[in-house]
Each structure stands twice: as structure tokens, then as C-alpha cells.
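Thanks for coming, everyone. Please have a look at the structure on the screen, and then I'll walk you through it.

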Amino acid sequence: MRESVMVELKNITKTFGTVLANEDVDLIVQKGEIHALLGENGAGKSTLVNMLSGIYSPDSGSIFIRGKQMNFDSPKESIACGIGMVHQHFKLVDRLTAKENIIAGNKGSFFTSGKEIEKKIISLCEKYDLTVDLSKRVQDMSVGEKQMLEIIKVLYRGADILILDEPTAVLIPQEVERLFNIIRRMKKEGCAVIIITHKLGEVMELCDKVTVLRRGKNVESVDIAQTSPKHLTELMVGGAVDLEIQRVKTENKEPVYEIKNISVMNSDGLKALQDVSFTMHTSEILGVAAVAGSGQKELCEALFGLVKLSQGELVFKGENITGKTPREIYKKGISMSSVPEDRLGMGLVGSMDIVDNLLLKEYYTQKGLFINRKPLKEKAKELVNRLQVSTPGIHHPVKQLSGGNIQKVLLGREIYLEPDVLITSYPVRGLDIGATYQIYDLLNEQKKKGVSVLFVGEDLDVLLNLSDRILVLCDGKVTGLVDAKNTTKEEIGMMMAGHTQETIQNKGGA
Amino acid sequence: MRVRVVKAKESSRNKKILIQTMAIAAALLITGVFILAIGHNPINVYSSMIKGSFGSAYRVKETIIKAVPLLITALGIAAAFRMKFWNIGAEGQIIMGAFGASFVALRFADLPKGAVLLSMMIAAVVCGGVWGIIPGYLKAKWGTNESIVTLMMNYIALKWIVYLQYGPWKDPASQGFPKIANFADSAILPKFLGVHIGWIIALVLVVVIHIFINYTKKGYEIVVLGESENTARYAGMDIKKIVLLATFISAGIAGLAGMIQASAVSNTLNMQIAGGAGYTAIIIAWLSGLSAPWMVVVSLLFAALIQGGSFIQTAFQIPQSAADIIQALILFCVLGSQFFIQYKVVFGGGEVRGN
């Protein structure tokens, strides 16, 4: 038994200043095991694996690799020990080819034989069922290809202990399946794999064992066979939670905002959106699914009146508002709210307090030259109470609040404007489970009130459960607009990859 | 983004005060060594610097006269800095303001005194303001770098005055000496409590700017735009308009300082009119944390440093260059401490890495 333990961490403690990132954490990973490291944002997952990969060293505690105590002073020593980490943000050189990226940073004789290296890479690829075009430059690769390259890079260095940090965050469902197969292959070959994630579905599907961290501490290590998503969530959050995302039933769905054949150019003069048409309805959540950078950001900004259209029309309740600025739209009596992806860089002013941030959307409605903060103080107090924002006070700079509380302030402000249309872009990104569900509830509440909600999301399960319809974008074009009740994750994934709704349904029919 | 969050959390008030106190102590110590090296007792020199700037009614007046242009210019600079528009062209804006005022003073001196002074002020604000709105427009329209444009425009302004002084505006009564004619009495600011009324103008401006930035819509827009252009865009603000307004206000106020200097201090226009106030004011604005009330205190301290520095030249027969070195050492330490405040912050940012 002892023989098969690849990684053992004992009583690891790590502090940053006054912040306790890890406290007495234990972790045991066996040979041929896929081990999930689960926890909310800030639970200390990344810190823990960064100590394993030699980026940090622990304040106290010990690290055993294959039974031998190690003391890593740098990532180099960790790599030499057979530990390979695939970071969430890839560490590749854009201008170099796949092969050059694999070789870079490796020890070897002064002259390396290209053929020999190629042979070694190809045999690795066969062993683990990987594919890569060795002469392709990284800048021309898709996200999935880049990740594949990262994995090959790590394996080429001889790693048999692999750490993957949120590997599925940027992939479409088909790519995720592919990745899982590769990981299972690694397991078969006797590697130990550690996956950091917060997606429970993936943990249940792929892993053998899971260690849950909460606020830097070990909560429990359990076999997947002996647990359930509900149980894991409770371990992560530290209490019972209601995991149901409900699609609220609403009547009175009427067309309210028509988007007709719009195109938008990005700053490089390329088309970010191309001939996009759809209609938003009252009392509806319209989900938007797309791989990052497919034009969803431009879409949100276009609907909100922030970017110029190169073509097409925006019609709100029969009134043409094409080319109008947000302020002009407001003057027409149309209330449009938006929760942008970049909360502190766009939606809020980080250094200002809650009152001044509420002011952002209201100061221009006040009369005269001066600002009256009094009514907003009341509003700020109400917002803090109603949405349970945890803050030292309404005069505290918002950037010092936690991610969930920042989002509550932003979403709260936008909801207080009593919008007709609410555009939200990744509203739950980076939030913990409690805050996430609170945000879903708020969106549903708005829908019940008759608001037309646009929800750009990344988790397809959530999109399928929360939305009424789902709009799928690929390369700035609409590849599908489907009823969320009558579609599947796979179908959406196909459309995200560029297959149109028609071709998929034809295939299905034939 | 992550760095900014850490920045605010890490820079506690106590720590800042501690670092700055240490900086001043270090400044006095290093300067003390230097004073010893040139053969004087540092304690005597320090105390006479204080005596030299506040020791008598006359000296206090002199210190205030030196503080006025620094304070007014710093107020102007802060208006642009709030927007993160790095206006380092206040020197040129002072000069152009003085030029506008002089144009009125030399041409229309026959009008009643009140009318002359008022039109001098308007001319100064407009000329200085135009000198600031040009880089503002270039930035809003084409995204040019405002630091470089404002800096370069300082030299254009300076050479323009040299041209006037040696050319078209040369006083025919000066027997060939290249100087511009002195202003008539109607173009000279009156005194109040023994000091020209520039100090009242300065204090009024402190209140006005403080209210403008903190309690008006336009001031709010400037601050929001300074924090993030995207946020301003998202909130529906007209970014170009705000940039033009803020740069005009910033430079116009600097121009007003130029009018006060030309009218009340030199009674004419010459190439020394700004005398580096435009640069010193940048430091003052920054050290005051862009807060108008604090600028009153900091500009008085700077004026005292300048005044005390010139006093010890005569009192101890220290050459001017040595007095300048003493000033420079003190400044170096105080400004250098800013780096340490920043450095700690960035260091913290590098280490705190969650999840």
C-alpha cells in the first residue's frame, strides 16, 4: 500500500502576511488515481498545489514524493521530481511552434537532434492518445489545442504526477470529453492526477477521490463512490444548500427588444458581430452560450448602446434606437440596465463607496450643477440590507469587498433602476456558491417582474436550467437560438463550435 | 486588477505617516552631514531657515507671496490629475496666462482699474486654458501622450515670451535693454493686510475646487473618468467633453497664477515669470494627495523651504548652490519615501494569491 503513494502532504501551513491560506492541510494521492481538489474561491487550492510545484514553500509541514521527503526551492526541482503543472492560464510562447515550446527550458545536449525529439513526442502522443501539429505556431492554435500542448509539454519532461488547474474552464463540452479521456489514459498508465475544480459534475464523472478544502483547511477526503454532489457542496460551503436552479414559469412573454441584422467591428477593424438577429421578450431569461471571445462582449455593449453598429437596427417596443447613446436611450424613457463582465473596471468605481457608485447611474437625473447624496444614502442602506451585502459600512470602498459582495452592489444598483431590459455578462464568475445562488434568485425575481433578461453564462448546465431560450454564438455569428427545454448540452456544444442549428437537426433527422 | 485591490488594503494610514516621518528624519540627518561638511552647525542652520521664513512679519509676507503661485497652480494641476491626465505643462500655462494678462495690461491700461484687472484675469484664464486644452484635444481625439505634449508646450510658451521680450514688445524707453515695459498702476493687484490679494484669490479657489471636485456633477465625472475610462463610457458620460473641460479648468487656473505673478510680483512680463512654480506645484499637488485643503499646508511648507533657503545664503554666507542642495536633499527624501510606500504595496500584491 505504502509503495503506491505518489504524493503525501502532511500538516501544510502557509500564510501570506496576516492571511492564512493553508492550515494543517493533508493530501494523499495514490498511483493511478485521479484526485479532485475541491473548494470555493479562496479556499486555498491554488496555494496548496503551488507548494507542490515549487512556486511557494510551506511555512511548516512536509511534502513526501514517492515516500521521500522533499524540500522544493524552485519549480525546477519539482519538475525534476516528476511533477508537472498545467496552469489555468497557459504558459506558452505565442510566436514559437508547438515543438519549440515543448523543447524550451529543457536540459539536453548542446545540439539536439530534431528527429529524435519528434520521435519521442510522437510516441508520447500515441501512448496517451494525444494529437498535436508540431510545426503549428501557438498563436494560431485554439484553446483546446493549446491545452493539449501544455499537457504534452509536461509529459515530455517526464512528469508522472500531473496537476491540472481548472482545466475545463475554457473548453466546450466536446473538448472536455476529449480531455477526460486523456486523463483516464494517464491513470491507466500509472500517473497520479490532481485536478483543481469547482464543477461538481466533473468531479463525480471523472475522479476517484476528492479532497475538499474550506477556508484553507482540510474538510474531508472521500471516495467518489461514497459521496454525492449535494454532500460535496455541503462540505465546500459548510452547511446545507439548496442546489436547485429553477426555471420560473411566467406568462405574458411579449417581444420587447428587436435586434435586426446587426454587425459590429472591433478595434482591429474586424467583424466582432456579424448579421446578428433575435428578439428579446418580457418575462424571459435569454441565455447566451459561446466560447470566450465569440462576440458576446460586443453583443452586450451593442444592446446597451455603447458601441457603434456598422450595420443593422435596434428596435425597442417599436421605437428605433439605433445609434443612440445610453444617455439618449434613458431620455427616451427606456430603462436599460447592464452588469458588465468587468465589474470593477467598467461597472463600478473601485475606490468609491457604495453611495458614490449608486450615483453613477443617477447623478445625471438630478437637477442643477450639484450632487445630492442624501437620497442615495438611504438607497445604499436599503441595498445592503436587502441583498445582505457584508460590508463595514456604506462608505467603504467597494473594491475592498469580496467578489460576491461587489457583484451584489453592481446588480443591486442595476435592479433598482427598474429596468425594462437587464443585460448580464458572466454575473456569477468567481463567486462562491452561496452568492451564486443568490444571484440566480435575483435574476429569476426580475424575470417574474416582467424584465427581459439577457444572461451570458459559461456553465452550460446552469444555462440549460435557468434560461428560457438559449442563443448560441460562434465567431460573431448566431449559430442557433433554441428552447432550453428541448435541447442538450451536446447540441449547444456543437453550435458553439460552429455547426448551425439546421445542420445538426438535419443530421439528427437523417 | 488584483494589484489595485491590494494597493488600497495595504496602504494603511499609520504606515504612511511612519514612513513619511522617517523620511523627514532621514532628510534632516543627511542634510545635517552636508551642512557639517561645509563647516556650519546644522542645528543653527535649520533654526535660521525657520526664522528666515517665519521669523518676522516681513518674512512671513515673503513666504506667503511665494506660496500663492504654488498653491494656485497646484489646485489647477490637481483638477487634471484627478482625471489621471498628467498635466506637467503648468509652467507653460502660467506663462501663457501671464502673456494674456500682459496683453491687456499693456494695451488697455487707460480703462478703470477694476475693469483692467478683471479683463486681465479673463485673458489669463483663456490663454492658459487654451494652452491646456490643446493637449487635451489631442489626447481625446488621437490618444496622444499628454505628458509629452504638455511638457513640450512649456518650451514653446517660454520661447514665445523671449521673442516678445527681445522683439515686438521690447520697451522703447529701456534704452535698448531687452525688457517689456512695466505695467501701469491700473494693472497692478491691490494689497490686503500687506500682501497682494492673490492670497485671497488662492484661498477662494481652494474652497471652489474642493466643492467642484467633491460636490458637483462635473467634478464627479472627472473623478470617475480618472478611475476608469470604461466605467465612464458605461455610465454614458461624454468622455471628450469631460477631458476638454478638465484640461481647460486645470490650465486656466495655472494661467490665473501667471496673471497674479505678472501683475503683483514682477509688474511686467518676463521669461522668469513662472520660475519653476509649474513644476514645484506638481510635487505639491501629489504630496497633498490631490486634496485642496492639504495643498494650503504643503505649499506653505514649500514656500518656507524656498524662503528659508534664500535666507541662510545671506545669514551664513552659504553659496546659493549649497542652499539649493539642502532644499534638494530634503525634497529627495520626502519624495523618495513615496516610492517606499508604493513598493510595499506592490510587494504585497505579488504575494497574496488566493484560491
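**Domains, chains and a sheet**

Let's start inside chain B. The centres of domain 1 and domain 2 of chain B, taken over C-alpha atoms, are 28 Å apart. Keep in mind that this is a predicted model. Domain 1 of chain B comes in two pieces, 1-40 and 319-355, and domain 2 of chain B covers 67-317.

How many residues make the contact? Domain 1 of chain B puts in 12, and domain 2 of chain B puts in 11. Between them, these two domains of chain B bury about 990 Å². Carbon and sulfur atoms carry 70% of that area. Three residues stand out on the domain 1 side: H40(B), Q327(B) and L331(B). They supply 38% of the area that domain 1 of chain B buries against domain 2 of chain B, more than any other three residues. Helix α14 of chain B, residues 320-351, gives the most to that side, with 9 residues.

Next, the two chains. The size of an interface is often given as the accessible area lost when the parts come together. Chain A and chain B bury about 3100 Å² between them. Of that, 55% is on carbon and sulfur atoms. In chain A, M346(A), Y363(A) and K399(A) lose the most area to chain B. Together they make up 18% of what that side buries. As for residues, 45 of chain A are in contact with 28 of chain B.

Which side chains form the salt bridge between the chains? The rule finds 1 across this interface. E301(A) and R233(B) meet there, at 3.5 Å from N to O. Polar contacts between chain A and chain B come to 21 residue pairs, both residues at pLDDT 80 or more. Several helices of chain A each supply at least two residues to the side touching chain B, among them α9 (296-304), α11 (343-347) and α14 (403-416).

Over all chains, the salt bridge count is 27. Here is one inside chain A: the side chains of K187(A) and D208(A) meet at 2.9 Å, N to O. K187(A) lies in helix α6 (residues 173-188) of chain A, and D208(A) is in the loop between α7 and β9 of chain A, so the pair ties together parts that are 21 residues apart in sequence.

Last stop: a sheet in chain A. It is open, with 6 strands in the order β16-β17-β18-β13-β19-β20. The pairing is mixed. Why is one side of β16 and of β20 left without a neighbour? Those two strands of chain A, 336-339 and 477-483, stand at the edges with a single partner strand each, so there is no neighbour in the sheet on one side. On average, neighbouring strands of this sheet are turned by 15° against each other, direction ignored.

β16(A) pairs with β17 of chain A, residues 421-425, in the parallel sense over 4 bridges. Within that pair, S338(A) stands opposite I423(A) in β17(A). Helix α15 of chain A, residues 433-448, packs on the sheet. That helix touches β13, β17 and β18 of chain A, and its direction makes about 150° with that of β18(A).

Definitions and conventions:
Residues are numbered from 1 along each chain as its sequence is written. Chains are lettered from A and ligands numbered from 1 in the order in which they are written. Side-chain values use heavy atoms; hydrogens and water are left out. Two strands pair if DSSP finds at least two bridges between them. Axes are lines fitted to C-alpha atoms, for helices over the stretch in contact, and angles run from 0 to 180 degrees between N-to-C directions. Contact means heavy atoms within 4.5 Å. Domain bounds come from an automatic or database domain assignment. Buried area is the accessible area (1.4 Å probe) that two parts lose on being put together, summed over both. A salt bridge is a side-chain nitrogen of Lys or Arg within 4 Å of a carboxyl oxygen of Asp or Glu. A polar contact is a pair of N or O atoms within 3.5 Å; within protein, one must be able to donate a hydrogen and the other to accept it, and residues adjacent in sequence count only if both atoms are side-chain atoms.
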